[in-house]
Amino acid sequence: MFLQIQTGVNPGFEPTQEPVQKTLSIMELITSGGVGGIIIMSVLFLLFSIAIYIFFERYQSISKAGKLDQNFINSIKAQVSAGKLDAAKAMCASANTPVARMIEKGISRIGRPLKDIAAAIENTGKIEVLQLEKNLALLATISGAAPMIGFLGTVIGMILAFHEMAAAGGQIRVDMLAEGIYTAMTTTVAGLLVGIVSYMSYNILVTKVNNVVYKMEVSATEFLDLLNEAV
């Protein structure tokens, strides 16, 4: 007797169906967190918008302030050496840069002791640096506050998830906890992204400010050396 193996499809056998993958859009992730999640994400979006605005506004202003034409310095030296102080002041006013305003202040103090001229230039330089660093403290605050706000949203989301589990009594489902977790983690990711972008933007701007300050110090030193030689 031979064992016969019947091939074919068993009528009672149902092929397994592939699980349908559910995709979520960013808007669905934001709105699925309830009122608390929407508020947290709205705050993070506002902070992100402020950080981006500060970065581009400061980047353009600092880049413009850092433009230094060597011919300008040489022309100022020639005008001061020739005693044409009014022409030198007019040249500084037309340049409209931190270096030009420092030198203009020094030119306006010519005739006084060199110590007073140096103090006037230094005070003007401090004011110019404060203008260059405008809103950088706010950018640094956003870089530190955004991740903490994201973590706050995560904690709120977890509290709501466990509250739903407690309210369900003994009928606890895995998807009930999973939904609360991924919704809560969305705020953490958003907060970290805003914090990273703000932190990198802050460091880029600080580096550019330091470069401008270096140019200001070099130009002020050259101007004071010129006056010292003339004495």
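Modeller: Ala65, Gly66, Lys67, Leu68, Thr97, Val99, Val212 and Lys215 line the largest cavity. By class, the lining splits into four nonpolar, two polar and two charged residues. The space inside comes to about 40 Å³. Across the whole structure, the search finds two cavities of 30 Å³ or more. Keep in mind that this is a predicted model.

Next, the chain around the cavity. The chain has eight helices and zero strands. Read from the N terminus, its elements run α-α-α-α-α-α-α-α. Of its 231 residues, 31% count as buried. Now take the contacts between residues at least 6 apart in sequence: 76% of them join residues at least 24 apart.

Thr97 and Val99 belong to the lining. Asn96 is in the loop between helix H4 (85-95) and H5. Its backbone stands out. Asn96 has a positive phi of about 55°, and it is not a glycine. Most residues other than glycine have a negative phi. Asn96 counts as partly exposed because its relative accessibility is 47%.

Asn135 is not a glycine either, yet it has a positive phi of about 70°. Asn135 sits in the loop between H6 and helix H7 (136-168). With a relative accessible area of 31%, Asn135 is partly exposed.

Now the charged pairs. The structure holds four salt bridges. Three of them are described here, including the one between Glu128 and Arg101.

In that pair, the closest N and O atoms are 2.7 Å apart. Glu128 lies in helix H6 (residues 114-132) and Arg101 lies in helix H5 (residues 98-108), so the bridge ties together parts that are 27 residues apart in sequence. Is Glu128 buried or exposed? Glu128 is buried, because its relative accessible area of 9% falls under the 20% limit. Arg101 is another matter. Its relative accessibility is 29%, so Arg101 counts as partly exposed.

What does Glu128 touch, leaving aside residues up to four places away in sequence? The contacts are Pro98, Arg101 and Met216.

The next bridge joins Glu222 and Lys77. Their side chains meet at 3.8 Å, N to O. This pair links distant parts of the chain. Glu222 is in helix H8 (residues 174-230), Lys77 is in helix H3 (residues 70-81), and the two are 145 residues apart. Glu222 is partly exposed, with a relative accessible area of 26%. Lys77 also counts as partly exposed, at 29% relative accessibility.

The side chains of Glu122 and Lys126 meet at 3.9 Å, N to O. Both residues lie in helix H6. They are four residues apart, about one turn of the helix. Glu122 is partly exposed, with a relative accessible area of 47%. Lys126 is partly exposed too, at 47% relative accessibility. Helix H6 also holds Glu128, which at 9% relative accessibility counts as buried.

The chain has a mean pLDDT of 80. Of its residues, 77% reach 70 or more. Where is confidence lowest, and where is it highest? The lowest is in helix H1 (residues 26-31), with a mean of 57. The highest is in H6, at 90. That is the helix of the Glu122 and Lys126 pair. Over residues 1-9, the pLDDT is below 50. Beyond near neighbours in sequence, that stretch has zero contacts in the model. Where pLDDT is low, the predicted coordinates should not be read in detail.

Key:
Residues are numbered from 1 along each chain as its sequence is written. Side-chain values use heavy atoms; hydrogens and water are left out. Buried means under 20% relative accessible area, exposed over 50%, partly exposed in between (1.4 Å probe, protein chains only). Contact means heavy atoms within 4.5 Å. On a 1 Å grid over the protein atoms alone, a cavity is a set of points where a 1.4 Å probe fits but cannot get out, and a pocket is an open set with protein on both sides within 12 Å along at least five of seven lines; lining residues have an atom within 4 Å of a point. Grid points are joined across faces, edges and corners, and a volume is the space filled by probe spheres set on the points. Ala, Val, Leu, Ile, Met, Phe, Trp, Tyr, Cys and Pro count as nonpolar, Asp, Glu, Lys and Arg as charged, and the others, Gly among them, as polar. pLDDT is the predictor's confidence in each residue, from 0 to 100.
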